[in-house]
Amino acid sequence: MRHILLIQLILALSLQTIYADNITVSGSVSGTWECDTVFVSDDIDIEVGDSLIIRPGVYVAFASTHSLYVRGYIRAEGTADNRITFDVMDTTDFSNDTLAKGGWNGIHFYYNGYTPDSSIFDFCAFYHGKAVSLDSIEEHGGAMCLRDIDRLRISNCIFENNFARYNGGAIHMEESDVLIKDNLFVANRCGPTEEPWGYGGAICCDHSDARITGNYFYDNTSTGVGGAVAVRFMESMINNNIFAGNHSALGGAIGFLHYYEYPYTHCNNLMHGNSATFFGGAIANLDCGPTHVNYTLTGNISVYGGAFYVKDSLVPNVYNTIMYDNYAQEGPEVYLWDAYASANFYYCDIKGGIEAFSGSGGVGFM
């Protein structure tokens, strides 16, 4: 009888642990989280070959500047009414960009070659991720830093008030193949106030094949290029997105930089009310010439090129695009910086016609 009672007690305690209202974790993690709150007391790691499943409604609370490292795979699938949330317990000093305090240090994916399945984040929310560290490699991607990763989907999520010291205020990716679909990016930031400047206030894609589609970008900022998105060194697909109220030094909404092969057509993007301190209130094409189709650019502001800016002697193609009521001191709609910088416009409606073009390359439209 004593043995039976002891076994019953052990089973009761085990069940109480599994279905507890909250748990505290550190070190290696795997299995399933199905509780109200997961308190993260130190860095956590999904090891190679392991998986972590997070059920709808779980609140993941980081005690301080801790990270989640993913070398296996993770499935965090909430619902529209019951999101999975990642946040820090104490946001004091979050607004101080020189300190790591006030945020958690994001989710870091690293290639391992053994991942058996796709990682998924669906109906999640990410707040106060902060990539400020003594290790500069971890100062990219406030909420997520992705390195050499494929088979990752991020959909129906909210990224709000995340910060990176360098690139990708919410998400930074390097040599990764990622689907980013139907998300909301609000008030994410990147970059110091002096060099090296930040790229991609919400997302920075470096050498990556990302498909960024159906997202809404609002009030994101960077100190360098791409108030919402920066695409560098390799083309990623940017389709069916809305960009509003984003800001950067160049490319208030998007900056395209330093690549020369164009496998994608960027199409159906709406850009309204974005601004750049210097060039390209909505779009800056810098040393690359991608193809843009079916855009609407209105109410964007810059000093040079209220809507559209081209530099470095390359020639983007623009089809079926409307530009109107943008503002700049030079080239209210389009600014073409150097003599060989141009753009091919096909079936476009640009308010003001050639009078709305300026720059050394603009003479070709006179």
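A: D93 is partly exposed, with a relative accessibility of 28% (buried means under 20% relative accessible area, exposed over 50%, and partly exposed in between, with a 1.4 Å probe and protein chains only). This is a predicted model, in which local features need pLDDT of at least 70 and side-chain atom pairs count only at pLDDT 80 or more, whereas totals for chains, interfaces and linings use all residues. Residues are numbered from 1 along each chain as its sequence is written, and side-chain values use heavy atoms, with hydrogens and water left out.

The partner of D93 is K101: the two form a salt bridge whose closest N and O atoms are 3.4 Å apart (a salt bridge is a side-chain nitrogen of Lys or Arg within 4 Å of a carboxyl oxygen of Asp or Glu). K101 also counts as partly exposed, at 48% relative accessibility.

D97 takes part in another salt bridge, with R189, and here the closest N and O atoms are 2.9 Å apart. D97 lies in the loop between β8 (84-88) and β9 (107-110), while R189 belongs to strand β20 (residues 189-190), so this pair ties together parts that are 92 residues apart in sequence. Strands (E, at least two residues) are DSSP runs, as are helices (H or I, at least four), and both are numbered from the N terminus. D97 is partly exposed with a relative accessible area of 23%, and R189 is partly exposed at 26%.

A further bridge joins the side chains of K311 and D312, at 3.0 Å from N to O. K311 has 27% relative accessibility and is partly exposed; D312, at 30%, is partly exposed too. The count by this rule comes to nine salt bridges.

Next, the sheet. Four strands form an open sheet in the order β30-β34-β37-β40, with parallel pairing (two strands pair if DSSP finds at least two bridges between them). At its edges stand β30 (265-267) and β40 (344-346); each has a single partner strand, so one side of each is left without a neighbour in the sheet. Direction ignored, neighbouring strands here are turned by 20° against each other on average (axes are lines fitted to C-alpha atoms, for helices over the stretch in contact, and angles run from 0 to 180 degrees between N-to-C directions). Strand β37 (residues 317-319) runs parallel to β40 and is joined to it by three bridges. Within that pairing, N317 stands opposite N344 in β40.

As for the cysteines, the structure holds zero disulfides (a disulfide is a pair of cysteine sulfur atoms within 2.5 Å). The sulfur of C267 has its closest cysteine sulfur in C348, 14 Å away, which is too far for a bond. C267 counts as buried, at 17% relative accessibility. For C204 the closest cysteine sulfur is in C205, at 6.7 Å, again too far for a bond. C204 is buried, with a relative accessible area of 0%.

A nonpolar patch on the surface is made of Y216, Y218, I242 and L270, which together have about 330 Å² of accessible area. Areas come from the Shrake-Rupley method with a 1.4 Å probe, and for residues only the protein chains shown count as cover. Patches are made of residues with over 30% relative accessible area and no salt bridge, joining like charges within 9 Å and nonpolar side chains (Val, Leu, Ile, Met, Phe, Trp, Tyr) within 5 Å. Y218 is in strand β23 (residues 216-218) and is partly exposed, at 39% relative accessible area.
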